[in-house]
Amino acid sequence: MQPRNMSMSGVVDLAAVKAAGEAKSKAEQARAEAARQGGVPAVAPSALVIDVDEASFERDVLTRSSEVPVVIDFWAEWCEPCKQLGPLLERLAVEYNGRFLLAKIDVDANQMLMQQFGIQGIPAVFAVVAGQALPLFQGAAPEAQIRETLDQLVQVAEERFGLTGIAVDPDASAPAADAPLPAGPYDALLEAAVVALDSGDLPGAVQAYKNVLSDDPGNPEAKLGLAQAELLQRVQSLDPAQVRKDAAEKPADAAAQIAAADLDLVGGHVEDAFGRLVETVRRTFGDDRDAARVRLLELFEVIGGDDPRVTAARTALARVLF
């Protein structure tokens, strides 16, 4: 199991010896800092299985991997083998008693992470050890094979990186959900963005929302506002008649279909916009395919992840990708 260096900007291959040495050094520094602060407290068994998304990946996977190997289960609701493998991995996470942490990632909702790991099919299982990504296996493997793989992972983590896992208190309860954080000092910036939108200053609105997100990347109001402002900015200079003509005459032209999808969404034709881009992903390859996929994810942000039309389109997208 050769490690690959992982970062939030993607996968970067390094020489194995150098990568392992750097990762071990970082892990040792993290453990020393934790010891200085009184050590890492024991966790409840239920805390050994966590849901992770793009916003929490760095904190819950990369950072935690300096304390304990993190096994990642890439899954989706529509994937039948995932429904067999997921509960097995969850049971083993508890049985291994803190020797690894299980992070579950829904590929439909986190396609950037799917791309960064090079996922071609699900279920797919990786591990991250001291910041190093290790491919483990793909598909619903037999339990004996999974145990053997996990035993090797635990051994590598301990021998190469000194990671012996985290303490588990069988009598502890899982921590209560974090209380909502108090709102940051963003009211003025958000108000400035709204004023800019109302006055037609789309570049100003985009910048105001980006200013909020630079300090608070998960701010839902700013994420939604930015997606909407960028969409309006894109369509501002389009000639609708020409865009529609190009899209009708060039069904395999990704740029033409992307522009038409933007117009579809602005006109309220949400399902048409999503369907157009899913079909474009199916028809195209390489950079064109990736451009259509990325634009579809951007349009999901405009509508909001809880909208059933987004859920349906995510499933459709996953099916053409896999």
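## Accessibility and the predicted model

Buried denotes a relative accessible area under 20%, exposed one over 50%, and partly exposed the range in between. Glutamate 158, with a relative accessible area of 37%, is therefore partly exposed. The structure described here is a predicted model.

The structure contains 21 salt bridges. In one of them, glutamate 158 pairs with arginine 99, with an N to O distance of 3.2 Å. This pair links distant parts of the chain, 59 residues apart: glutamate 158 belongs to helix 5, and arginine 99 to the loop between helix 3 and strand 5 (101-106). Arginine 99 has a relative accessible area of 31% and is partly exposed.

A salt bridge also joins glutamate 95 and arginine 147, whose closest N and O atoms are 2.7 Å apart. Here too distant parts of the chain are linked, since glutamate 95 lies in helix 3 (residues 80-95) and arginine 147 in helix 5 (residues 143-161), 52 residues apart. Both partners are partly exposed: the relative accessible area is 24% for arginine 147 and 43% for glutamate 95.

Aspartate 290 and arginine 293 form a salt bridge with an N to O distance of 2.9 Å. The two residues are 3 apart in helix 12 (residues 286-303), which means that about one helical turn separates them. Arginine 293 is buried, at a relative accessible area of 5%, whereas aspartate 290 is partly exposed at 30%.

Elsewhere, salt bridges with shared partners connect Arg91, Glu95, Glu143 and Arg147 into one network.

## The disulfide

The structure has 1 disulfide. Cysteine 79 and cysteine 82 are its partners, with an S to S distance of 2.4 Å. The link between cysteine 79 and cysteine 82 is right-handed, with 80° about the S-S bond. Cysteine 79 and cysteine 82 are both buried.

## The largest pocket

Helix 4 (111-116), helix 8 (220-235) and helix 12 each contribute at least two lining residues. By residue class, the lining comprises 15 nonpolar, 6 polar and 11 charged residues.

## Aromatic pairs

Across the whole structure there are 6 aromatic pairs. In the pair of phenylalanine 274 and phenylalanine 300, the ring centres are 5.0 Å apart and the planes stand at 85°, so the arrangement is edge-to-face. Because phenylalanine 274 lies in helix 11 (residues 270-283) and phenylalanine 300 in helix 12, the pair ties together parts that are 26 residues apart in sequence. Phenylalanine 274 is buried at 2% relative accessibility, and phenylalanine 300 is buried at 1%.

One aromatic cluster is formed by Phe57, Phe74, Phe117 and Phe126.

## Helix 12 in summary

Conventions:
Residues are numbered from 1 along each chain as its sequence is written. This is a predicted model: local features need pLDDT of at least 70, side-chain atom pairs count only at pLDDT 80 or more; totals for chains, interfaces and linings use all residues. Side-chain values use heavy atoms; hydrogens and water are left out. A disulfide is a pair of cysteine sulfur atoms within 2.5 Å. Buried means under 20% relative accessible area, exposed over 50%, partly exposed in between (1.4 Å probe, protein chains only). A salt bridge is a side-chain nitrogen of Lys or Arg within 4 Å of a carboxyl oxygen of Asp or Glu. Helices (H or I, at least four residues) and strands (E, at least two) are DSSP runs, numbered from the N terminus. Ala, Val, Leu, Ile, Met, Phe, Trp, Tyr, Cys and Pro count as nonpolar, Asp, Glu, Lys and Arg as charged, and the others, Gly among them, as polar. Rings of Phe, Tyr and Trp (its six-membered ring) pair if their centres lie within 6.5 Å; planes under 30 degrees apart count as stacked, over 60 as edge-to-face and the rest as tilted.
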